[in-house]
Structures are given as structure tokens and as C-alpha cells.
Amino acid sequence: MAETITLGKALNHGLRRSLEENDKVVIMGEDVGKLGGVFRITDGLQKDFGEDRVIDTPLAEAGIIGTAVGLAIRGYRPVCEIQFDGFVFPAYNQIVAQVAKMFYRSKGNVRLPIVIRIPFGGGIGAVEHHSESPEAYFAHTPGLKVVSCSNPSDAYTMIQQAITSDDPVVFFEPKRRYWEKGDVELGADLSGADPLHAARVARVGGDATLIAYGPMVRTALDAATAAAEDGRNLEVIDLRSLSPVDYETIYASVRKTGRAVVVHEAPGNIGLGAELAARISEQCFYSLEAPVLRVTGYDIPYPAARMEEEYLPDLDRVLDAVDRSFGW
Amino acid sequence: MANGVSDVGADAPAGGFVQLLTPDGERRESVTTADGTTYSVDFTDEEYRGLYHDLVTVRRLDAEATALQRQGELGIWASLLGQEAAQVGSGRALRPQDMAFPTYREHGVLYTRGIDPIMPFGLFRGVDQGGWDANEHRFNGYTIVIGSQTLHATGYAMGVTMDGKTGTPDGEAVIAYFGDGATSQGEVNEAFVWAGVFNAPMVFFCQNNQYAISEPLERQTRIPLYRRAAGFGFPGVRIDGNDVLASYAVTRSALDNARNGQGPTLIEAYTYRMGAHTSSDDPTRYRIASEVESWKAKDPISRLRAFLTKQQMAGDEFFAAVDESAKTLALDLRERVLAMPDPQPVTMFDHVYPHGSPEVDAQRARFADYHASFEGSDH
């Protein structure tokens with residue numbers, strides 16, 4: 001039964017269903033209990049599942065992830081909430097040195113089925129540390145899987161898939177899209193859903209390929225709609241998985257269109273776009289009509305809120321890059 | 001008067017510690033601390049001899065490992081020399097259902113868990129990164145980043161509570177090992193916070209061996225470490241870390257409190273790292289010989305030997321037999337370490353992800369093809 005709900009509510013439904021289906025699933029984080037999280041993603045869950053299943057933790061991010069490691073060794077499946085992107089760094093050591101490496105270190109004997117949820121990205125007029133896009137740090141780290149949802153339906157299925165997976169998953173949620181609505185098949189059998197690490201063609205087109213993830217998928221789709229008025233039919237790929245990347249879907253598209261533009265909010269230097277451009281150049285060289293272009297945040301600390309609209313990639317900057325690609 | 005222990009020996013640090021066996025091998029019947037807790041042990045002669053056997057064995061195995069490193073057979077070795085009593089006493093206090101989270105130096109605890117002592121040698125030889133099953137051995141993987149495992153232990157202990165395995169004498173308890181240097185880590189302090197507020201069935205066992213590589217205790221703290229516990233709201237006890245009986249008695253008591261649902265305890269085992277931090281270290285650059293000599297007089301093994309002799313629980317024949325058995329074990333260990341096969345390079349791609357990764361699979365295949373391309377050549 002499809003319901004029209006927000007992305008935030010879809011995550012809430014997905015978490016609820018995960019808690020119902022496996023009593024080893026526990027949610028932990030700052031303010032996730034009574035308050036339901038600062039974005040209300042865990043709203044009502046502690047009331048229904050109790051304080052042992054939805055745990056308000058002390059205010060210490062390394063502690064959240066470090067104790068999640070121990071709970072996972074004990075057989076639990078912790079779903080950790082980091083309140084904001086810029087607050088993940090106190091936990092960085094535990095994520096990169098422990099969560100990512102435990103399975104490898106133990107020769108496959110110790111699994112850490114931990115999900116680390118991080119609201120990320122800008123566009124909400126926040127103060128420093130509340131608008132960042134740190135995904136490349138984690139995508140660079142072997143042993144972690146990194147995903148990002150862009151719409152309510154994916155939010156609902158991907159959070160459940162991430163919790164079911166034995167891989168540690170860093171789950172980036174596009175915070176400025178939390179309130180966008182879409183149709184979600186609540187209670188649908190997940191076996192019919194796209195695999196967690198599959199990219200998806202969000203819009204079919206033949207003239208150029210836009211590659212985006214998380215909050216930028218909406219921007220890319222809007223750009224494609226605008227470009228259609230100019231007679232350009234853009235294909236939009238929602239990456240969904242940032243590590244591993246589903247390259248075959250990208251290569252197939254770029255071999256068809258001959259042009260690719262990667263869009264992300266994170267700074268461009270050594271970002272996801274750099275890796276995608278390199279891979280596309282290697283694998284689609286004879287199909288390319290133009291170099292792979294990137295539309296990204298600038299290589300500066302995230303600026304003050306009254307300048308963020310100029311910092312963030314938007315429809316016009318994406319279309320400008322498409323124009324440059326065609327002008328090559 | 002820390003711990004409230006008034007009848008401390010001349011060798012105790014200011015404030016005292018729980019000591020049941022003096023460096024001269026004199027047995028204190030019991031020690032009562034200010035909170036009214038009385039610590040004692042009730043061992044049979046056979047059990048006393050067993051502890052001696054453990055201490056000698058772990059020291060001998062450690063010496064063999066140091067020799068293997070010097071001979072180029074191990075990349076590095078972190079010696080436990082001097083810390084045998086802290087490790088054997090606390091390790092023997094664990095019950096089978098308890099879970100231990102070591103650093104990278106707890107070879108003595110590992111031995112008391114009944115684990116084949118060769119288990120961590122893959123790590124030190126460079127064959128693997130450890131590679132054992134934490135739950136099977138009730139002994140987590142060696143953790144090299146200082147202090148990180150204290151949070152893992154605390155989370156595990158929270159899980160014990162959530163599983164309903166505390167609150168009875170048969171409950172489960174968790175012990176986390178760490179050193180004096182680790183107490184400066186934020187993560188260790190977070191573990192104290194967590195264990196306190198969740199009343200986790202935890203024992204924090206700090207081996208204060210006086211040095212974090214070259215830095216003395218004074219660079220980590222301006223109060224005795226066990227007193228930190230008070231600020232987190234749970235008991236802290238300092239023990240003579242070179243006294244296997246005190247280590248056993250206090251750890252046993254703390255573990256039982258934990259399994260009975262009374263929450264965490266911090267134990268500071270006051271001891272000394274007789275050797276280098278690791279085989280790569282040169283302690284003559286930062287500590288003086290007379291200090292090392294003074295700690296030799298507090299040796300954990302010689303005091304138990306003196307006690308066994310005075311009590312006529314053991315004689316030369318027994319001591320010689322223990323030495324011989326430890327030597328046999330050490331030589332067997334040596335042979336098996338030397339026989340460890342080098343790993344096949346392609347296995348470096350194994351166990352990155354439980355569910356695999358197309359990227360890693362593709363790189364493994366390219367690696368294999370690349371190496372296959374040399375077949376038949378001189379490379």
C-alpha cells in the first residue's frame with residue numbers, strides 16, 4: 001500500500017520495521033529517545049520499543065561508535081545516529097581504525113553489522129559543523145560501505161537493507177530533503193527492491209549523463225527538466241552507493257551519451273567526483289565527447305549560512321557545466 | 001590514605017595498595033580497605049603451585065618471543081616482563097563465561113584463558129593481523145590503538161546486561177585491559193562514563209607499568225590513577241601489581257560485583273615494565289638502572305617462590321620441573337612459529353567485507369592475472 005510521506009518519516013518507518021523484525025537491532029545516539037532525534041527520525045520508537053532498544057547515550061560520539069562495536073561483537077545490530085555531519089569526527093578513530101578493520105583483522109571471524117546514520121549536507125541555514133559532506137573520508141576507507149538515499153522510497157528500503165547487511169554501513173541522509181514527500185510502499189517485500197549497492201537511472205536520457213547522490217539528485221533532476229526545454233535530454237544517475245560504486249551502470253550510460261557531469265556538495269578536491277572522472281576516463285575513453293566535468297562545493301570550509309546558496313551546486317551551475325560539456 | 005589500606009609494606013607507593021604477598025614472600029592473611037571490603041585468598045597448596053607454574057611459563061614464553069624477535073623471526077614483540085603477576089592473577093580470576101578485551105601485551109592473560117600461546121604470533125610475525133574469533137576464545141583481538149578496546153568492552157558489557165546475564169552469581173562479567181598511558185585517552189574516559197551510567201558489568205584493569213614508551217606516569221596524571229574512578233562514580237582499587245594473590249583476589253571480587261549487577265570497578269595494578277616498550281624501544285634513554293634494580297627486588301616470581309619454599313609447599317625438584325616444562329613449551333612454540341607458512345599474497349584481498357565487494361573482487365582478479373603473467377619468466 002503506497003503512502004505519500006516525507007523522507008524523514010520513511011526512515012522512521014524503516015527503522016520501526018527493522019526493530020520489529022529483529023530484536024537484536026538497537027538504536028543508539030544523542031537525543032534519539034524521548035525527543036525522537038533532533039530531526040525526529042526516531043520519533044516514537046523509544047516509547048514503543050523501550051529504553052534498551054532505543055538508547056539515549058552520553059554525549060560522546062567516539063563512545064557511541066566504540067560501544068556499538070562491543071554490542072556488535074556481542075551479537076547486536078546497532079544503528080547509531082550521529083546528530084550532524086560535522087560531529088562525526090570525534091568518532092572518526094573508532095569508525096576508521098576499528099569498525100572498518102575488525103572483520104579483516106579477525107580474518108572474517110568477527111562481524112560488525114553496524115549502521116552509522118549521518119544527516120549530511122547544507123541548505124538549512126545552519127551554523128558551522130551542521131552542513132558538511134564528509135562522505136569521501138569514509139568512501140576512501142576499505143572495510144566500510146557508504147550509501148546515501150535521495151528520496152522517501154529509497155530511504156525506507158535502504159535503511160532496512162543497511163541494517164540487514166553484515167557489512168558496516170555509513171548511511172548518509174540528505175538532511176535538507178527530510179521534508180520532501182514521495183510514495184513509499186510500506187511493508188513491501190524488500191527482496192524485490194534494488195540491491196543496496198546498485199545505482200539507479202533516475203531519469204532516462206540520451207544526450208549527457210548527470211551523476212549525483214543524496215541531496216543533489218533532486219537538483220540534477222530539476223536541471224534535466226530545465227535542459228529538456230532547451231532540447232537536451234539528460235540522463236540522471238542516482239549513485240545511491242558511494243562505496244562500492246556501481247560503475248557498470250555509469251559506464252553504460254556514459255557510453256551511450258558520451259558526456260558526463262558529476263555533482264556533489266562536498267569540496268571537489270579528492271572528492272567522489274575525482275574518482276568517478278578517473279574511472280570514466282579509463283573505461284569509456286573512446287566514447288567520451290568531452291572531459292568528465294564536476295560541479296561541487298568549493299575547496300573551502302563550509303561558509304556561513306548567508307553565503308551557502310552560492311556555495312552549493314544548484315540548477316544553474318549544473319546547466320552551466322552541461323553547456324561546457326557540449327561546447328567542448 | 002588511599003584505599004584506606006594502613007598496613008602497607010615499605011615498598012608501597014604513597015597511599016598504599018592491596019598486597020597479600022610481600023616481596024620477601026610473607027603472606028598477609030587479608031587486607032581490608034576503607035570501604036570495608038576485605039580481600040584474601042583461600043588457595044590449596046596445589047593452587048599456589050599452579051600460580052607459580054603459570055608465572056614461570058608466561059615469563060619463559062615471553063623470553064622465547066623476545067629471542068625470536070632478536071633473531072629476526074618476529075617483526076616486533078611487546079614483552080610482558082615484570083607484569084606476569086598482574087596478568088596471571090587477573091586472568092585466573094576470570095570465569096569461563098567472562099569476556100576479556102586485551103591490549104597487545106596481555107599474553108599472560110591469553111595463556112590463563114587456556115588459549116594456545118601461539119595464537120597472537122601471526123600478528124607479531126607479520127603473517128596476519130591477529131585473526132582469531134573473539135567469542136570463541138572469550139578473548140577479543142589484540143587492539144593496538146591505545147584505549148579503543150575499553151569502549152568495545154563497555155559496549156559488550158552493556159549487551160551482557162541487555163541479555164539479562166547479570167544479577168546472579170552465575171552472571172557474566174567483562175574485563176578491559178589497558179595501561180597508564182591509555183588513561184589519558186578520551187576514549188578511555190568515555191568508557192568510564194558509559195560504564196558508570198549504564199552500570200555495565202565491567203572491570204577496568206589498568207596495568208600501571210610506570211611508562212608509556214618513554215613518558216613517566218607523571219606526564220599522564222597528577223593523582224593516583226585508581227582515584228579517577230571516584231569522579232566517574234564507581235570504586236577504584238590499587239593493588240600491588242607484582243603480587244599475584246592481590247591481583248587474583250581484587251579482580252575476583254570486582255568481577256563478582258559486576259556479574260551480580262553492582263556495576264564497574266577500576267583496578268590499578270601498580271607494577272613495572274622490566275623490559276622495553278617493544279623490541280624497537282631503548283629504555284636506557286629515559287630511565288636509570290637503579291630504578292630497574294629496585295623493581296627487580298619486587299619481582300613477582302621470586303616472592304611466590306620464597307613463599308612456597310618457606311611454607312614447604314615446594315622444593316628444588318618442583319622448581320626445576322616447572323622450569324623444564326616451561327622450556328619445553330617455549331621450544332615447541334619456537335618450532336611452530338618458525339614453521340608458520342608465509343601467507344599467499346592474494347589472500348590480502350580476503351575478508352575486507354562480509355558480503356564481498358565487486359571492487360575488491362576485481363582488484364583481486366587483476367592482481368592474480370598480473371602475477372600469472374610472470375609465470376615461466378625469471379621474475
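This is a walk through the structure in your viewer, one selection at a time.

Before you click anything: this is a predicted model, where local features need pLDDT of at least 70, side-chain atom pairs count only at pLDDT 80 or more, and totals for chains, interfaces and linings use all residues. Residues are numbered from 1 along each chain as its sequence is written, with chains lettered from A and ligands numbered from 1 in the order in which they are written.

**Stop 1: chain A as a whole**

Select chain A and switch to cartoon. Along the principal axes, the C-alpha atoms of chain A fill a box of roughly 60 × 45 × 40 Å.

Of its 328 residues, 56% count as buried. Buried means that 20 or more other C-beta atoms lie within 10 Å of the residue's own (exposed is 12 or fewer, partly exposed is in between, and C-beta atoms are placed from the backbone). Among contacts in chain A between residues at least 6 apart in sequence, 80% join residues at least 24 apart. A contact here is two C-beta atoms, placed from the backbone, within 7 Å.

**Stop 2: the two domains of chain A**

Colour 2–192 of chain A as domain 1 and 200–326 as domain 2; these bounds come from an automatic or database domain assignment. Their C-alpha centres lie 26 Å apart. Where they meet, 24 residues of domain 1 are in contact with 21 residues of domain 2. On the domain 1 side, helix 6 (135–139), strand 6 (145–148) and strand 7 (169–174) of chain A each give two or more residues, and strand 6 gives the most, with 4 residues. That side divides into 9 nonpolar, 8 polar and 7 charged residues. For that count, Ala, Val, Leu, Ile, Met, Phe, Trp, Tyr, Cys and Pro are nonpolar, Asp, Glu, Lys and Arg are charged, and the others, Gly among them, are polar.

**Stop 3: the sheet of 7 strands**

Still in chain A, look for an open sheet with mixed pairing and the strand order 3-2-4-5-7-6-12. Strands pair if DSSP finds at least two bridges between them. Strand 3 (54–56) and strand 12 (241–243) stand at the edges with a single partner strand each, so one side of each has no neighbour in the sheet. Neighbouring strands are turned by 20° against each other on average, direction ignored. Now select 25–29 and 77–81 of chain A: strands 2 and 4 pair in the parallel sense over 5 bridges. A:Val25 sits opposite A:Arg77 in strand 4.

**Stop 4: the sheet of 5 strands**

The next open sheet of chain A runs 9-11-10-13-14, again with mixed pairing. Its edge strands, strand 9 (200–203) and strand 14 (293–297), pair on one side only. The twist from one strand to the next averages 25°.

Zoom in on strand 10 (208–212) and strand 11 (234–238) of chain A, which run parallel and are joined by 5 bridges. A:Ala208 has A:Leu234 as its bridge partner, and A:Leu210 stands opposite A:Val236.

How many of the 5 residues of strand 10 of chain A are buried? The count is 5 of the 5, so strand 10 is largely enclosed by the rest of the structure. In a regular strand the side chains alternate between the two faces of the sheet. Here A:Ala208, A:Leu210 and A:Ala212 are buried on one side, with A:Thr209 and A:Ile211 buried on the other.

**Stop 5: over to chain B**

Finally, show both chains. Their contact takes 35 residues from chain B and 34 residues from chain A. On the chain B side, helix 6 (148–162) is one of the helices that supply at least two residues, and helix 6 of chain B has the largest share, 10 residues.

Technical notes. Axes fitted to C-alpha atoms, helices over the stretch in contact; angles between N-to-C directions.
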